[in-house]
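Colleague: I have a model open and want to learn how to read it. Could you take me through some features, one at a time?

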Protein chains: 2
Amino acid sequence: MITGQKTTPTKNIKTLQVIQSEVENSNRIALSVDCIIFGFDEAKLKVLLIRSDLKKYAGKWSLLGDLVFPNEDLDAAAYRILKQRTGLSDVYLEQVSTFGTVNRHPAGRVVTVAYCSLINVQHHKLNILDNELHWHDIKNVTDLAFDHQQIFDTCLQQLQKRVQEHPLGFNLLPKKFSLRDLQNLYEAILGIKMDRRNFRKKFFSMDFLIDLNEMEQDVPHRPGKLYKFNFEKYEKRKKKWIGIDF
Amino acid sequence: MITGQKTTPTKNIKTLQVIQSEVENSNRIALSVDCIIFGFDEAKLKVLLIRSDLKKYAGKWSLLGDLVFPNEDLDAAAYRILKQRTGLSDVYLEQVSTFGTVNRHPAGRVVTVAYCSLINVQHHKLNILDNELHWHDIKNVTDLAFDHQQIFDTCLQQLQKRVQEHPLGFNLLPKKFSLRDLQNLYEAILGIKMDRRNFRKKFFSMDFLIDLNEMEQDVPHRPGKLYKFNFEKYEKRKKKWIGIDF
DNA sequence: TATTTAATGTGTAAATTAAACACATTATTG
DNA sequence: CAATAATGTGTTTAATTTACACATTAAATA
């Protein structure tokens, strides 16, 4: 609750007091987790943000965060928050980095651990009950609350690196996808244009795609073939993946 | 002090009480930093360890750690600990990962942030006043206290990755080194043998080595040429570095 | 229904990078 | 002065990456 995204102002004030007394009286530091939830939709890479309700950052967007419970594993806290916010549980989730400058949070000393997750906007249809929660095109993410812009930038960079070593991208796509979908995803994540023939060649040579012998439906042009990712085969031989310099 | 490496038993007991009361009474989690200090000597990659003085881990070795002060930036805490233990300040230091399972520390809930640093054993001659502090060949690091084995393994893996992207290795060598020294370093870090001609070719082609027109002294064989690393030139064009699959 | 449109689907050649591999040279040691 | 143990050096082959163009298909439109 320290990070304040879904709390009432009253709760925030209380938390502020608690933390400030800690800072003065003991050797204590509050610990939170922030989740950077990437999704892919309309050929754009998006990130899930919530409107900050701290006065200091009124109108700004922030990451989904919460305090870690004292009897809760750090990883478990990240999964809990992801589930709380999106209803999702069976997704890729990875610790990225920890941010701990003294004044990063206005409510007191809060060190936060950033976790990155990739979810499938189309497939999972997460329940956004809270209308303060929205998907943002990463190109428009420029001025987040707290130090969340820095955290976001770090996570995006890490995603760009990781996606070149492991086929994480498939977690962002629907189960059935065309090669154009896949290439759009990579272009959106890496922010570059890629050669279509070389792209296809590379993925076919990896031999992780299963041809479904189905075609796209309802596209306003020649439909492409649909594929699914062979997760079993991939798990068997995890190794360095495609390497595009950037 | 929670991690207990340089404290008296009395201090440890006190800390234990403090943390246990926290865990029971409030939403608090203690935060520490552990430093994984790599060095290179006698053609071996080494890590600096201290003997644990917690009874539970009597006789075992552990990493250098300490609590983060409430008014201290996380990065600053890592530099402080490194300086306290070794006297060094102007070295490469990087956050690796945060470890936060509930029962990782016997004294209570302590989440720790691991930082990795690379120091130059020959050049800096750090003052090991405490004779419970020793350099260990990484090959012999097998059974550390707490979850420090896991932390160490993670850091070594990260070092292996990083060293293939950035010339961190030079921080481990003396200012003047031979190409044999350099290759020994890479072989020690990566745990593989490399082809001498290809290795030299790769480094010369990167054009970061400055030929000092000096030769090794006091070696029991034909002396090699000495070089230094061109840090200025490297800083100007940071980019992806050598890439050896592993 | 024929034409246009906008995408899919495919192969090869050149350039770059990585890997394999052997012998002459030099200083030290005995 | 002979033996030793290391340094120093190039070329060839294989593998990977990059650049690049045209026929095909289905939908949309005239």
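Colleague: Which residue forms a salt bridge with Glu165(B)?

Modeller: Start with the general idea. Side chains of opposite charge can pair when their charged atoms come close. Keep in mind that this is a predicted model. Here Glu165(B) pairs with Lys161(A), and the closest N and O atoms are 2.7 Å apart. The count between chain A and chain B is two salt bridges.

Colleague: Which elements give two or more residues to the side of chain A that touches chain B?

Modeller: The list for chain A has helix 1 (9-25), strand 1 (30-41), strand 5 (93-99), strand 6 (110-119) and helix 4 (148-162). Strand 5 of chain A gives the largest share, three residues. Sort that side by class, and you get 12 nonpolar, eight polar and 10 charged residues.

Colleague: What area is buried between chain A and chain B?

Modeller: General idea again. The size of an interface is often given as the accessible area lost when the parts come together. For chain A and chain B, that comes to about 2,600 Å². Carbon and sulfur atoms give 49% of it. The contact takes 30 residues from chain A and 30 residues from chain B.

Colleague: Now a single residue. Is Glu94(B) buried or exposed?

Modeller: Glu94(B) counts as buried, because its relative accessibility is 17% and the cut-off for buried is under 20%. Glu94(B) lies in strand 5 (residues 93-99) of chain B. Its side chain makes a polar contact with the side chain of Gln158(B), at 2.9 Å. Leave out residues up to four places away in sequence, and Glu94(B) touches Ala114(B), Tyr115(B), Cys116(B), Gln158(B) and Arg162(B).

Colleague: How many salt bridges are there over all chains?

Modeller: The count comes to 25. One joins Asp207(A) and Lys233(A), at 2.8 Å from N to O. Asp207(A) is in the loop between helix 6 and strand 8 (209-215) of chain A, and Lys233(A) is in helix 7 (residues 231-236), so the pair ties together parts 26 residues apart in sequence. Asp207(A) is partly exposed at 39% relative accessible area. Lys233(A) is partly exposed at 28%.

Colleague: What about Arg104(B) and Asp34(B): where do they lie in chain B?

Modeller: Their side chains meet in a salt bridge, 4.0 Å from N to O. Arg104(B) sits in the loop between strand 5 and strand 6 (110-119), and Asp34(B) in strand 1 (residues 30-41). Arg104(B) is buried, with a relative accessible area of 4%. Asp34(B) is buried too, at 0%.

Colleague: How many helices and strands are there in chain A?

Modeller: Chain A has seven helices and nine strands. Buried residues make up 54% of its 246 residues.

Definitions and conventions
Residues numbered from 1 in each chain as written. Chains lettered and ligands numbered in written order. Predicted model: local features only at pLDDT ≥ 70, side-chain atom pairs only at ≥ 80, totals over all residues. Heavy atoms only, no water. Contact = heavy atoms within 4.5 Å. Buried area = accessible area lost by both parts, 1.4 Å probe. Helix = DSSP H or I, 4+ residues; strand = E, 2+ residues; numbered from the N terminus. Nonpolar A, V, L, I, M, F, W, Y, C, P; charged D, E, K, R; others polar. Buried < 20%, exposed > 50% of the residue type's maximum accessible area, 1.4 Å probe, protein only. Polar contact = N/O pair within 3.5 Å; in protein donor to acceptor, adjacent residues only side chain to side chain.
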